[in-house]
Amino acid sequence: MTYQPQPDFGTPAKTGPDVTLTIDGRAVTVPAGTSVMRAAAEIGGAIPKLCATDSVEAFGSCRMCLVEIDGARGLPASCTTPVAAGMVVKTQTPRLEKIRRGVMELYISDHPLDCLTCAANNDCELQDTAAQVGLRDVRYGYDGANHLGQVPDVSNPYFSFALDKCITCSRCVRACEEVQGTFALTIEGRGFASKVSAGAAGDDFLSSECVSCGACVQACPTAALTEKSVKEIGKPERAVITTCAYCGVGCTFRAEMRGNQLVRMVPWKDGKANRGHSCVKGRFAWGYANHADRITKPMIREKITDPWREVSWEEAISFAAARLQKIKAEYGARALGGITSSRCTNEEAFLVQKLVRGGFGSNNVDTCARVCHSPTGYGLSKTFGTSAGTQDFDSVEDSDVILLIGANPTDGHPVFASRMKKRLRQGAKLIVIDPRRIDLVRSPHVEAAHHLALQPGTNVAVLTALAHVVVSEGLADEAFIAERCDWDEYQDWARFVSDARHSPEALEPVTRVPAGDLRAAARLFATGGNGAIYYGLGVTEHAQGSSTVMAIANLAMATGNIGRRGVGVNPLRGQNNVQGACDMGSFPHELSGYRHISDAATRALFEAEWGVALDSEPGLRIPNMLDAAVDGSFRAIYIQGEDILQSDPNTHHVAAGLAAMDCVIVHDLFLNETANYAHVFLPGSTFLEKTGTFTNAERRIQMVRRVMDPANGYEDWQVTQLLAKAIGLGWDYGDSSQIMDEIARLTPSFAGVSHARLEAEGGLQWPVNEAAPEGSPIMHVDGFVRGKGKFMVTDYIPTDERTGPRYPLLLTTGRILSQYNVGAQTRRTANVVWHEEDVLEIHPVDAENRGLSSGDWVRLASRAGETSLRALVTDRVAPGVVYTTFHHPTTQANVVTTDNSDWATNCPEYKVTAVQVSASNGPSDWQRDYEAQAQHARRIEAAE
Amino acid sequence: MNHDNLIRMANQIAANLAAQGEAAAVEQTAQHIRLYWDPRMKAALREIDMQDLSPIAKEAAAQVLDRKTS
């Protein structure tokens, strides 16, 4: 579409009974509580405004939006005046014109009149409003006291703040408070000296608490806060709605373009997942798409010790196909496999698993959910009957008690965290279960009622103790349970959790959670109204990840917190399309829609559609593939959009597995760490260069739209199709909508999904089928998908990973706001200004015992390996616990993590590794050797 | 396949299902292996030292191998 700013109704939408009034002679009906300004905007009117915008509550400071109301005294501000039945409003009269023009004149008398060279020229509300009120002259001249000539704050890498263009409307300050919930900005000084400030004296935007979400920039009505990219490139000329490719929140954005060049990403106000908000990654960190490191030409090599050789697509594809076919002929179909990408679209993930099952002839397909939320799929499937969360994000608006376990949303899922914080500011209570003092434990205007700082690895024990209190104190919702769950199974479970050995007091020595705190938290959750559970990888990435998910489901059922708004079990999925990749049949034991491969009837559907016979036996999971590779029975892998060498545990073992294979095909944007062991490199396309769909953590399927041509020439699904054709499959998809049509034909929960419908209606939440034609925002409303909810007895089994004299500390890992997973994208953006290296958080007591200070190099050693990084001494972690991120390959945190894994799914136990920390004088020998080896592996032969 | 890994996996599954009661745990452990293990992993159960398996895992492995043979 041609570029137009997003509509702005001035004040937020309200809900309530209808009220009818008259504005400028036209009748308008709006919900009670709506402002006169918004009511006017709803019928196409445009009352002049400067301090009002519909992302924040009305403020009433600029006096531009005055109106006349019959019978009312004076001239009320339309932004702060709610509608009333029978109200008669005039928005344009000579008196109003004169006042508005006078106010505007004052604003403009202290504004640099550099419109022609201003980045916001023709995209500026101040300019528009001046035109709207007919300002033609400034009688006061421009020589009086003013704010002109101030040095702009350009400290933030993505936007600048020009004080002389600021009209002190406070929209930025209010956006920071109300939308983002960070409270980083304020108005400093009084009267004429009032100015926007990002913190204490001496602070600039970069050094302040600002998290660079961009809400202030979006709210600014002038060029005071402007994206640097707009200054550099110019005003956009068109906008395309698409879906972010970072986390599982699934924010929708307007990709605003000039030609084939992206100018900026602006959160889309109508986005159902993000409701117009964004974070520093989705809003600003897209520069990787054109980074110099990006590989756009296919490459091959005979051996991984050879340099890469750039070749044509034809040569690369036929080289790969020949190797795959040779291996299949020699070792059989089960020697081949593939990994689908949670970064790619549903259509692309579906095709990769189809290639493996229908083309390679094995079920050796897996996806990165193996290392994140595979226990969610397992646990929720067993208890509820579906492998997904139960709510939409809007549901949090009705929550009274939020139980947050093993998740750090302000860093991992920041846009949803802002909505959660908003609800907490409105009075909802928060229980945090986390070994680390995450920001939500205490941040501006948010404080957890309880922080249960448990010992890593004891989630099941804590949840069982919570259940013990609920059952033994008679707080269970037995009416709900009797109606919705299997009563006998509940009785068995209730007996189990009621046992004295599961009391908070009995488990305190294990969990290190004071029994009194735990009892109080349990009572609050069971009796505090709508209770919602949100969780993340701190739940799943454990030896008992699946048990923990089931224990969460048990707790939700026992307290009747399922099947309506405000409650539910909500896994905060990590990657943009990890839900979708799982839905698409990326696991080795199941086809799309979570149907087991051994089910003959399901298999027959696919066999009929694909025209091939399918193996009825489950395939290998990623860690098993690597074992089998070392063993010699697994010899070829096609990896789309995943860097298993950096992201998977026990790096030495991953490297050994990859090195043992005869054919490793990496299909990615960059020569990632895994590509060091590859024989074929197929360049990938970014989310900006393809059309398809992503499914977010609330099961919402949303369109991803191509906004520019792929730099490599092909969308990723087209590359997979080339490979399929080369091994003899007769695929002939003309566009990705045809793939979605096939998915819909084969997958009951997607039966009603098509690109045409998504284009027309926006996102849809699966299941979308005959029973739920409009989709399913909330699941299990009238009953569980599996019939009766199933209580699963989940005994606490301590992990094999134990501390001892050699490894006395427990390492847990996570991620931070500015970087994303292995950092392949964010490390190639200006986000490195906030996090240029991984550091090890260590408690002051542990640091002192080792003679360590912040900034010191430390050696981090476990039974699996060792690495070196710098220390950060902080009491955010408990004594005995250390924490780091895994965003940088130079750190290789996963050299240290072990191959312990979840009992049911083999999801790695990233969150518990026994380690020792000691002083070091720099990177380890291994790190130096690795860097040298990586550089050697990335050599590209000079073209002849 | 790495026998140590397979033994560890089987024992871990059995330990986590043990609370269901022995008979159910054996049945569910066997079913878990059938549903989630690749054929070469199941086949390798023949080659491992059964003494390294917990009683539940051992019985479950026997059930898997019996069904596989029959």
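The legends below describe close-up views of a predicted model with chains A and B. Because the model is predicted, local features are taken only at pLDDT of at least 70 and side-chain atom pairs only at pLDDT 80 or more, whereas totals for chains, interfaces and linings use all residues. Residues are numbered from 1 along each chain as its sequence is written, and chains are lettered from A, with ligands numbered from 1, in the order in which they are written.

**View 1. Domains of chain A.** An automatic or database domain assignment supplies the bounds, and chain A is divided into domain 1 (18-132), domain 2 (318-372 + 578-691 + 709-735), domain 3 (385-571) and domain 4 (809-936). Between domain 1 of chain A and domain 4 of chain A, the C-alpha centres are separated by 54 Å.

**View 2. An open sheet of chain A.** Four strands, in the order β2-β1-β4-β3 (chain A), form an open sheet with mixed pairing; strands (E, at least two residues) and helices (H or I, at least four residues) are DSSP runs numbered from the N terminus, and two strands pair if DSSP finds at least two bridges between them. The edges are β2 (26-31) and β3 (68-69) of chain A, each of which pairs on one side only. Strand β3(A) runs antiparallel to strand β4 (residues 88-90) of chain A and is joined to β4(A) by two bridges, with I69(A) standing opposite V89(A).

**View 3. Two annotated segments of chain A.** An unreviewed UniProt entry lists residues 95-134 of chain A as "domain: 4Fe-4S His(Cys)3-ligated-type"; UniProt positions follow the numbering used here, feature names are shortened, and annotations may be inferred rather than shown by experiment. Over residues 95-134 of chain A the model has 57% helix and 0% strand, with the end C-alpha atoms 14 Å apart. For residues 237-293 of chain A, the unreviewed entry in UniProt gives "domain: 4Fe-4S Mo/W bis-MGD-type", and there the chain is 9% helix and 35% strand, with 28 Å between the end C-alpha atoms.

**View 4. The loop between β30 and β31 of chain A.** In the loop between β30 (764-765) and β31 (809-814) of chain A lies P767(A), which is joined to W766(A) by a cis peptide bond with omega about 0 degrees. H780(A) is also placed in the loop between β30 and β31 of chain A, and its phi is near 60 degrees, a positive value in a residue other than glycine. Most residues other than glycine have a negative phi, and most peptide bonds are trans.

**View 5. A barrel of chain A.** With mixed pairing, six strands close into a barrel in the order β31-β35-β32-β34-β33-β36 (chain A). Strand β33 (residues 857-862) of chain A and strand β34 (residues 866-873) of chain A run antiparallel and are joined by five bridges, and V858(A) has L869(A) as its bridge partner in β34(A).

**View 6. The contact between chains A and B.** The contact takes 19 residues from chain A and 17 residues from chain B, where two residues are in contact if their C-beta atoms, placed from the backbone, lie within 7 Å. Helix α22 (residues 622-631) of chain A contributes the largest share of the side of chain A that touches chain B, four residues. The predictor gives the complex an ipTM of 0.96 and a pTM of 0.96.

**View 7. Confidence along chain B.** The average pLDDT of chain B is 93, and 94% of the residues score at least 70; pLDDT is the predictor's confidence in each residue, from 0 to 100. Among the elements of chain B, helix α2 (residues 22-36) of chain B has the highest mean pLDDT (97) and helix α4 (residues 55-69) of chain B the lowest (88).
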